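Subject: The model you asked about, with notes

Hi,

Here is the structure, followed by my notes on what turned up in it. Have a look at it first, then read on.

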Amino acid sequence: MTKPIIYITRKIPVELLKPYEDRYDFRMWPESETPVPREILRREAREADGVLCMLTEKIDEAFLSENAHLQIIANMAVGYDNINVEAANRKGIWVTNTPDVLTETTADLTFALLMATARRVTEASDYIKEDRWKNWSPFLLAGSDIHHKTIGIVGMGRIGKAVAKRATGFNMSILYHNRTRKHQAEKEVGVTYVPFETLLDESDYVISLVPLTKETKHLFNEAAFQKMKESAIFINVSRGGTMDEIALYEALQSGEIKAAGLDVFEEEPISSDHPLLKLDNTVCLPHIGSSSMKTRSQMITLCLDNIDAVLQGQQPKTPVRIE
Ligand code: NAP
Ligand code: GLV
Ligand code: GLV
């Protein structure tokens, strides 16, 4: 009997496929660091029953129309702004993502980035590498405190809440903004709901953890950066599209805000000539929020479990539903 075909858009460790191998014919783009060219994805998808894709693949209406026979598209990410979910659902194609398994790992990275930006960790490390450390001095690379400051989390979802929990360990005041009130997080973690403008006004650290949608595109724009304190530090670990990068650059350069820590960018990847990398007051990371060995493996396994469920005629574990 021929086995259903699953196309995987990036080279992943074959050990992770072992538990499913007897049931499926796996095909894979052979490169781990380069995305599959669109033409090859289109050709491979034509024969496949399910696709395991990365956030680098644009799964748009045109692709879905050509491949309406697919049963499932399993995205190896919790964010799914790369997929036209509405079109997929309309065509009867399941879309799944990877919530929960990456929450704590991404919260760790968010806090690491906040701390690195506040205490100028990468700049300080470069300072030694560039042989500039000649003496201890009273205000050498003096940064901002984190403890007892106010953190404002925009997007109090799974990761937002996990970041808030970490902030309690630093005795921070925690404000949040979200489209719906999160009464449980308010009770459990002690976070305070405020309107978006109030959060911008009062926070020392403003954290973007909202998904990229029509509503959140350029949420952090010129007006938002103007509203923030001059001492504010902006951290974006959600999607680059939630911020207007040009406005951010202006705000950082003119001193309207103090610093930014970014794991995501409007167009990824960025290269070393990107204007934000020319500034001393930014810490830029190459979209590594969920990147621990364990979590990335769990994300792949969750994708495979979702594909397996759908191809066995069951509901996937983590479907993406469009309200
Ligand atoms: P989540 O649990 O869905 O949380 C997102 C929160 O944002 C929800 O509470 C949602 O409110 C809120 N929200 C949505 N639209 C909003 C709006 N217009 N205004 C205010 N709040 C809004 O998702 P998550 O698992 O925490 O992940 C959050 C995002 O992080 C993902 O979408 C992804 O883009 C990003 N991410 C990045 C990395 C990385 O590597 N850098 C890793 C993981 C995730 P409701 O509760 O009302 O829906
Ligand atoms: C990563 O960015 C994700 O959305 O999981
Ligand atoms: C610094 O190293 C100190 O001892 O305060």
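Which residue forms a salt bridge with K229, and how far apart are the closest N and O atoms? The partner is D204, and those atoms are 2.8 Å apart. By salt bridge I mean a side-chain nitrogen of Lys or Arg within 4 Å of a carboxyl oxygen of Asp or Glu.

Some housekeeping before the rest. This is a predicted model, where local features need pLDDT of at least 70 and side-chain atom pairs count only at pLDDT 80 or more, while totals for chains, interfaces and linings use all residues. Residues are numbered from 1 along each chain as its sequence is written, chains are lettered from A and ligands numbered from 1 in the order in which they are written, and side-chain values use heavy atoms, with hydrogens and water left out.

Salt bridges

Back to K229 and D204. (Helices, H or I with at least four residues, and strands, E with at least two, are DSSP runs numbered from the N terminus.) D204 is buried, at 11% relative accessible area, whereas K229 is partly exposed at 29%. Here buried means under 20% relative accessible area, exposed over 50%, and partly exposed in between, using a 1.4 Å probe and protein chains only.

The whole structure has 20 salt bridges. Another one joins K161 to E188, with the closest N and O atoms 3.0 Å apart. K161 sits in helix α6 (residues 158–168) and E188 in helix α7 (residues 183–189), so the pair ties together parts that are 27 residues apart in sequence. E188 is partly exposed, at 47% relative accessibility.

R23 and D22 also form a salt bridge, and their closest N and O atoms are 3.5 Å apart. D22 is exposed at 57%, and R23 is partly exposed at 30%. Finally, E61, E86, R90 and K91 are linked in a network of salt bridges.

Ligand 1

There are 26 residues around ligand 1, and N178, R179, T180, K182 and D263 come nearest; a residue counts as near if one of its heavy atoms lies within 4 Å. The shell divides into nine nonpolar, eleven polar and six charged residues. For these classes, Ala, Val, Leu, Ile, Met, Phe, Trp, Tyr, Cys and Pro count as nonpolar, Asp, Glu, Lys and Arg as charged, and the others, Gly among them, as polar.

As for individual atoms, a polar side-chain atom of D263 is 2.8 Å from a nitrogen atom of ligand 1. A backbone N or O atom of G289 lies 3.1 Å from an oxygen atom of ligand 1, and a polar side-chain atom of H287 lies 3.4 Å from an oxygen atom of ligand 1. On its own, ligand 1 has 930 Å² of accessible area, and the protein covers 87% of that (Shrake-Rupley method, 1.4 Å probe).

Ligand 2

What surrounds ligand 2? The list is L55, A77, V78, G79, L102, R239 and H287. By class, that makes four nonpolar, two polar and one charged residues. An N or O atom in the side chain of H287 is 2.6 Å from an oxygen atom of ligand 2. The side chain of R239 places an N or O atom 2.8 Å from a ligand 2 oxygen, and a polar backbone atom of G79 is 2.8 Å from an oxygen of ligand 2. Taken alone, ligand 2 exposes 190 Å², of which the protein buries 87%.

Aromatic rings

I count six aromatic pairs. Rings of Phe, Tyr and Trp (its six-membered ring) pair if their centres lie within 6.5 Å; planes under 30 degrees apart count as stacked, over 60 as edge-to-face and the rest as tilted. Y176 and Y193 have ring centres 5.5 Å apart and planes at 75°, so they are edge-to-face. Y176 belongs to strand β7 (residues 173–177) and Y193 to strand β8 (residues 192–193), 17 residues apart. Y176 is buried at 0% relative accessibility, while Y193 is partly exposed at 28%. Elsewhere, ring pairs link F196, F220, F225 and F234 into a cluster.

Cheers

How values were computed: Polar contact = N/O pair within 3.5 Å; in protein donor to acceptor, adjacent residues only side chain to side chain.
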